[in-house]
Amino acid sequence: MSAAPPPPPAPIRWTRASDGSQRARMPVPVDHRDPDGPSIDLALVRHPAGEPGARQGVLVVTPDDPGSSGIALAGELRQALPPSVTAAFDLVGFDHRFSGESAPLQWGLDQREIFWVFHQSETFAAEARFQAELAAKAAEHSLDVLPHITTRDIARDLDAVRRGLGEERVCLLGHNYGSYVAAVYCRMFGEHADRVILDSVLSPDWVWRGLFGNFARTCEDTLRRWCEETARRAGPLGDSPQRVRDAFDEVLSKAGAGGIMLPGVPVPLDEQFLRVLAMMLLSSRRSHPALADVIRSAGTGAPLEAATQQLIGSMFARPREASTAAAQMAVLCGDAPWPRELEEYETASRAASGFMDRALLGVKAGAFWPVRPLEPPTEFGPLTSGRALLVQAERDMFTSDVGARQLRGLLGERARLVMVRDLVEHRVFPFAGDARVDAVAEEFLLTGRLPDADLVLDPDRAPER
Amino acid sequence: MSQDPALARYHRQRVDWSHPDPGLGGARRAVLRVPLDHRRPGERDIEIGVARHEARGRRQGVLLVGPGDDLGNSGLNLLRALLGSLPGELVEAFDIVGFDHRFMGASTPVLAGLDPDERFWVFHHPESFDAELRYQATVAAKCSARPLDLLAHANSRNICRDMDVIRAVLGADRIHYLGYSYGTYLGAVYGEMFGPRLDRAVLDAICSPDWVWRGLFTDFPPNGERALNRWCRWAGTRHATYQLGPTGPDVRAAYDSVVAAVDRGEQVTLMGFPLDRTLARLIPVGMLNSEKAYPVLADIVRHLLTGGDLEPDSLDFLTRMFGEPKEESGTVAQLAILAGDAAWPRSPALYERDMLAAAEKYPWTGAALSGIKAPAFWPVAPAEPATPLGTGAGGGDYLLVAADEDMSTPWAAARRMHEVLGERSAFVTVADTAHHRVFPFYGNAGLDALVTDFLLTGATPGPDHVCPNPDRLLEPAADGRE
């Protein structure tokens, strides 16, 4: 980029929202190389520090999934973070460019298309068409802006927000994809990053087809462990891991053959939906019993337990927005080029063995993406300013521990990793309620102190439902 | 334009001209450097291979020959062909200059390792929509796999900017221009972008300004049917010789039976080449571009139906056709330009609808040309919008030449160009011929004299002139145009 510092943006004008937070919109250029060109408005939220006397600065929350609302996440964190943190920091969130309230993409995606990540068709050819159609919608509606919907541009926006806030340095908290946004920010604008927490960490090597492959593997690993754990309980699915797995597979094939009815769910569930439901229930140890209940109920027709029904209900309470899926696709397909030879995907899906492999390793819209990245993805090296705390559950299904270990190695001596051994959880601080992790993170945010060395914590025996 | 200091070093570059190349009609070759990205001159250069045949007599100026006959074909090969055919007065009066356009032939060629079958992607005949999607996506993937840094800068506007560097290097304030087929589009775009630099331009076998570029494909099937049926009508009049049937519809049925056999998977070979569904349709395409090849096509169809020996003329024709496969870089650059001038639709559903409708209506080539094509999978968006033509900002005096039965660049397309260029253009129809590229290759003396006169003096025969065809092979159809 050009050596000249960008001009100071106009200060952000906040308006008060009914819930006590402050909202604002600030313009950012669509193409940061052309600051005077077309712009869009970023939507921001600020939850001011609870104790003005104790205010230390700004903690910016990065969106935890491409397309997901950072404004909603900031609200969630406002409730979940330790009070000492919300007292000391203005908590700032934003919907990243072309998502949420920030110039969202309207591509007219239908329900099946919204779940493009997990979509699979009967045949490879049919799936190729399905995914090509998605790329066609992206091109039809957004060809001009697609090259500018990348993580690096989101990081540039973040820096514009920092300047708009009038802050020399900001602290960052990023979960999942947000960890990658924050890490990229550190790499691009390191001198302006202060204390940075990266939780449920993505490997820079996964950008982004690799993410799908890695995820497929950890889904299968997690399912295997769930079978073992369910067998140990010797419940209705059986007392050997193989019996449990057979029960699981049988329900899947029944769903594939004609759909299965879950008591309380008005429509028959198809195989694809059931896989996604299983995947979601597997992702936290807290919902593992619910998966066993679903398989039992689907196998026998007996009613679901009330708690399971409630959990599933809450998972689907908020329908996924089409614009969220569009922004997700734009980033995942746009940060780095995908292979374009279809044979590669066909080979991968033919070799599929894990229960999510065919959906995740098959062809995706990226293979047909109508633009290519304007710049290579970010290369990582040791931090030269600021400090980073990486937080990771070892059995995190969405972001396997490999990512955190890798990035920790790359970031060097100004970073530390706190790993909770054997824990199946995604988004640890503060959502998993692990007091030891929370204490390390809280101290880091408030004082800047990192543990002397990387920590591996034994799983606390958190109460299981 | 030439005042741009960043471009000045390209305009003033030193050029080493070779000795006259007998293989190029005595023209001298040279390699020029032009910016890969004309918006960023000086960053990275590419080479443009040019050749100049110096005026034999009193030099009147430069006649630049647009590259190719069809897109992706070598401009230097065209120059060689022209130097053997142009009227002597023009060779006397003009430095005649040809070039290969960027990324093909002598101009930073790009190769992609295409299979032989993948070089025919334009006319590739679908076995099914899904199989065709796969095939066309693969062609696009291969062509864009490695050299995308280069190919992202393949478009007609950049070729015209290269042409202006050639002009400046030749020391010409203004140039005359002669372009065929895709070269006609370049002639129109050049006049729009560099109007004051363009003097007289002859465009022959003219692309419609509306085509850029899917329209080129979707316009073909109806014109193809018309051209094929015209040949059928002619072959019917030669029933005694070819035994394909006494009427046009009989001959069409005979040809269709060959195609149907190939489509059923029967072994049909031509000079040892097994015909597939694409080749069975593509071979006639080349022959329908001129009545001169009508007998060859009739002989081939007779041969395929009866097994009788091929005539020596047919053997010659096929040997040339099979013997000179299109250079791979031409295919790659062609795709990059077709995709780079304007964005294509990308929806498979849209192409499938169009394919099915066109297959029904135009059974010969409808499915191939209206179906999904490699540009639908091109991985970069066009770098700039296509050029609006006829804006009033353009310059140059155009003589537009169209054969009334041309298949590939039909007469109606040429009329659209005439409408768009307006008063800057005069229009000449050559009657009763399907010959693609009439001047000077067909040998219509009236036309040749008229074009020569235009290039030498600027004189035109009026805005709308018809050259009769004394050599016409068949009477016009009773109901007018076929």
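This is a predicted model: local features need pLDDT of at least 70, side-chain atom pairs count only at pLDDT 80 or more; totals for chains, interfaces and linings use all residues.
Figure 1. All six of the six residues of strand β4 (residues 94-99) of chain B are buried, so the strand is largely enclosed by the rest of the structure. Both of its faces are covered. On one side of β4(B) the buried residues are Phe94(B), Ile96(B) and Gly98(B), and on the other they are Asp95(B), Val97(B) and Phe99(B). Strand β2 (residues 45-53) of chain B is joined to β4(B) by four bridges and runs antiparallel to it; here Ala51(B) has Gly98(B) as its bridge partner. Strand β3 (residues 61-65) of chain B is joined to β4(B) by five bridges, and these two strands run parallel. Within this pair, Leu64(B) stands opposite Val97(B).

**Figure 2. Helix α2 of chain B and the strands that cover its buried residues.** The helix spans residues 75-83 of chain B. Its buried residues are Gly75(B), Leu76(B), Leu78(B), Leu79(B), Arg80(B) and Leu82(B). The cover over these residues includes β2, β3 and β4 of chain B.

**Figure 3. Strand β6 of chain B, paired with β5(B).** Nine of the nine residues of β6 (residues 198-206) of chain B are buried, so this strand is largely enclosed by the rest of the structure. Strand β5 (residues 175-181) of chain B runs parallel to β6(B), and six bridges join the two. One of the residues to look for is Gly179(B), whose bridge partner in β6(B) is Leu203(B).

**Figure 4. Arg233(B) in helix α8 of chain B.** Arg233(B) counts as partly exposed because 18 C-beta neighbours lie inside 10 Å. Leaving aside neighbours within four places in sequence, its contacts are Gly248(B), Leu474(B) and Ala477(B). Val251(B) is 18 residues from Arg233(B) in sequence, and the C-alpha to C-alpha separation of the two is 7.5 Å.

**Figure 5. The largest nonpolar core, with Ala330(A), Leu400(B) and Val401(B).** The core holds 290 residues, and these three touch the most other members. Helix α8 (residues 214-237) of chain B gives the core its largest share, nine residues. In general, nonpolar side chains of soluble globular proteins tend to be buried together. With neighbours within four places in sequence left aside, Ala330(A) is in contact with Phe98(A), Leu105(A), Ala138(A), Leu146(A) and Ile149(A).

**Figure 6. The open sheet of chain A.** Ten strands form this sheet, in the order β1-β2-β3-β5-β4-β6-β7-β8-β9-β10, and the pairing is mixed. At the edges stand β1 (15-16) and β10 (455-457) of chain A, each with a single partner strand, so one side of each is left without a neighbour in the sheet. Strands β2 (residues 22-29) and β3 (residues 39-47) of chain A pair over eight bridges in the antiparallel sense. Arg23(A) has Val45(A) in β3(A) as its bridge partner.

**Figure 7. Helices α5 and α6 of chain A against the sheet.** Helix α5 (residues 151-165) of chain A lies across β2, β3, β4 (57-62), β5 (89-94) and β6 (170-175) of chain A. Helix α5(A) runs at about 125 degrees to β2(A). Helix α6 (residues 177-189) of chain A packs on the sheet and touches β4, β6, β7 (193-199) and β8 (387-393) of chain A. The direction of α6(A) makes about 150 degrees with that of β7(A).

**Figure 8. Domain 1 and domain 3 of chain A.** Chain A is divided into domain 1 (15-104 + 146-207 + 377-457), domain 2 (111-144 + 320-368) and domain 3 (209-315). The C-alpha centres of domain 1 and domain 3 of chain A lie 32 Å apart. Each of these two domains gives 11 residues to the contact between them. On the domain 1 side, the residues divide into six nonpolar, two polar and three charged.

**Figure 9. The contact between chain B and chain A.** The contact takes 17 residues from each of the two chains. On the chain B side, the elements that give two or more residues are α4 (129-144) and α15 (348-361) of chain B. Helix α4(B) gives the largest share of this side, seven residues. By class, the side of chain B that touches chain A has 11 nonpolar, three polar and three charged residues.

Conventions
Residues are numbered from 1 along each chain as its sequence is written. Chains are lettered from A and ligands numbered from 1 in the order in which they are written. A nonpolar core is a set of buried Ala, Val, Leu, Ile, Met, Phe, Trp, Tyr and Cys residues joined through C-beta atoms within 7 Å. A residue is buried if 20 or more other C-beta atoms lie within 10 Å of its own, exposed if 12 or fewer, and partly exposed in between; C-beta atoms are placed from the backbone. Two residues are in contact if their C-beta atoms, placed from the backbone, lie within 7 Å. Two strands pair if DSSP finds at least two bridges between them. Axes are lines fitted to C-alpha atoms, for helices over the stretch in contact, and angles run from 0 to 180 degrees between N-to-C directions. Domain bounds come from an automatic or database domain assignment. Ala, Val, Leu, Ile, Met, Phe, Trp, Tyr, Cys and Pro count as nonpolar, Asp, Glu, Lys and Arg as charged, and the others, Gly among them, as polar.
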